Every structure is written in structure tokens, then in C-alpha cells.
Amino acid sequence: MSTKRRHCSVFVIAAIILALSLLSSVTTAAQQQDDPAWITTTKEKILDPIKKKYDKLPPKGKFATGAFVGLTSSHFVIKSAVKSAKIAGTAFVVAEVLNYTGMLNIDELLRENTSLVSKAQKMVKSNVNRMRVQIRHHLNPTNVKAFVEHAVEVDRMGSIGFATGVATGVLI
């Protein structure tokens with residue numbers, strides 16, 4: 001195998017390892033958030049004082065606060081989705097160019113690094129399954145419906161304001 005191809009295979013393997021380490025750090029952060037001590041500390045120090053001030057607001061203030069949070073969160077989500085689509089498109093184009101030029105010969109990579117590839121494959125499968133379970137739990141239609149019903153029941157003006165802010169953010 002030529003020196004040029006070896007360097008490319010090293011870079012591809014390094015990119016895979018970097019992606020896997022980032023993925024595992026994200027899931028580690030998600031696991032840390034599931035830690036009851038972390039949740040209790042955050043709730044006591046940050047969320048409780050904010051909730052006390054929010055509860056003292058008049059209905060119009062709750063509507064305005066909900067609208068602001070809905071507007072800013074919809075902008076954040078839309079910008080993140082657009083950036084993710086751009087990154088995915090760019091990665092696809094780069095992968096196709098590397099494949100067309102012969103620099104991304106998967107057969108050679110697999111033959112040279114079978115143990116590394118199998119470890120990477122196990123890690124990817126584990127992390128993808130963990131993310132799938134979390135997404136399935138949080139985006140379950142029953143859970144979402146119950147959450148929305150509870151939010152409207154507890155704070156009608158804030159919920160209406162949030163929905164208005166999201167709609168405005170999507171349209172702007």
C-alpha cells in the first residue's frame with residue numbers, strides 16, 4: 001500500500017475515534033444529568049429562585065415571558081437544525097470525493113485495523129442504542145401529550161405565550 005493511502009487511512013481512523021469520543025462524552029453528560037444529586041443541586045440553586053419570581057408575575061407577564069422563551073428557543077432549534085443539515089451535507093460531499101479519488105478504500109481499512117474497527121463498531125452501536133432509547137422516551141406521543149396538558153393546566157398564560165413565541169419564531 002502506498003504511503004499516501006496509509007496517511008489517509010490514519011486520518012480516517014483518527015476522525016472515527018474523535019467522533020466516537022465526542023459521542024461518548026455527550027452520553028456521559030446525559031448520564032451525569034440523570035444523577036439525582038446533580039439535579040437536586042441545580043434545582044435548588046437555579047430553578048427554584050427563577051420559579052418563585054415567575055410565580056409572582058401577573059398573567060400578562062407570564063404570557064410575555066412564555067413568548068420570549070418560545071421565540072428564542074425556536075430560533076435556537078431552527079439554527080441548530082440548519083447547521084446540522086449543512087454539516088451532514090458537507091460531510092457527504094467530502095466522503096463522496098474521497099471515495100471517488102480512491103482515498104477512502106474501506107476494504108483496506110478493514111483489513112488493516114480489524115480490532116479497532118470492531119471496537120468502534122461496538123461503541124457506535126451502544127451509543128446509538130442509548131440515544132435511541134432516550135429519544136423514544138422523551139418524544140413518546142403519550143408523554144408529550146401529558147406534558148402539554150399538565151403545562152396548560154398549571155400555567156395557561158405561560159403556555160399560550162410559549163406557543164405564540166414558537167409560532168412567531170418559526171415564521172420570522
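Visitor: What volume does the largest pocket have?
Guide: This is a predicted model, in which local features need pLDDT of at least 70 and side-chain atom pairs count only at pLDDT 80 or more, while totals for chains, interfaces and linings use all residues. Residues are numbered from 1 along each chain as its sequence is written, and side-chain values use heavy atoms, without hydrogens and water. A pocket is an open set of points on a 1 Å grid over the protein atoms alone where a 1.4 Å probe fits, with protein on both sides within 12 Å along at least five of seven lines; a volume is the space filled by probe spheres set on the points, which are joined across faces, edges and corners. For the largest pocket the volume is about 730 Å³.

Visitor: Which helix gives the most to the lining of the largest pocket?
Guide: Lining residues have an atom within 4 Å of a point, and 22 residues line this pocket, those closest to its centre being Tyr-54, Ala-151, Asp-155, Gly-158 and Ser-159. At least two lining residues each come from H2 (36-55), H3 (59-101), H6 and H7 (156-171), where helices are DSSP runs (H or I, at least four residues) numbered from the N terminus. With 7 residues, the greatest contributor is H2.

Visitor: Which side chain meets Asp-55 in a salt bridge?
Guide: A salt bridge requires a side-chain nitrogen of Lys or Arg within 4 Å of a carboxyl oxygen of Asp or Glu, and the count by this rule is 1. The two partners are separated by about one helical turn because they lie 4 residues apart in helix H2. At an N to O distance of 3.2 Å, the partner of Asp-55 is Lys-51.

Visitor: Is Leu-139 buried or exposed?
Guide: Leu-139 is found in the loop between H5 and H6 and belongs to a nonpolar surface patch of about 620 Å² that also includes Met-131 and Phe-147. Such a patch joins nonpolar side chains (Val, Leu, Ile, Met, Phe, Trp, Tyr) within 5 Å, from residues with over 30% relative accessible area and no salt bridge; areas come from the Shrake-Rupley method with a 1.4 Å probe, and only the protein chains shown count as cover. Buried means under 20% relative accessible area, exposed over 50%, and partly exposed in between. At 60% relative accessibility, Leu-139 is therefore exposed.

Methods
Patch = residues over 30% accessible without salt bridge, like charges linked within 9 Å, V, L, I, M, F, W, Y side chains within 5 Å. Buried < 20%, exposed > 50% of the residue type's maximum accessible area, 1.4 Å probe, protein only.
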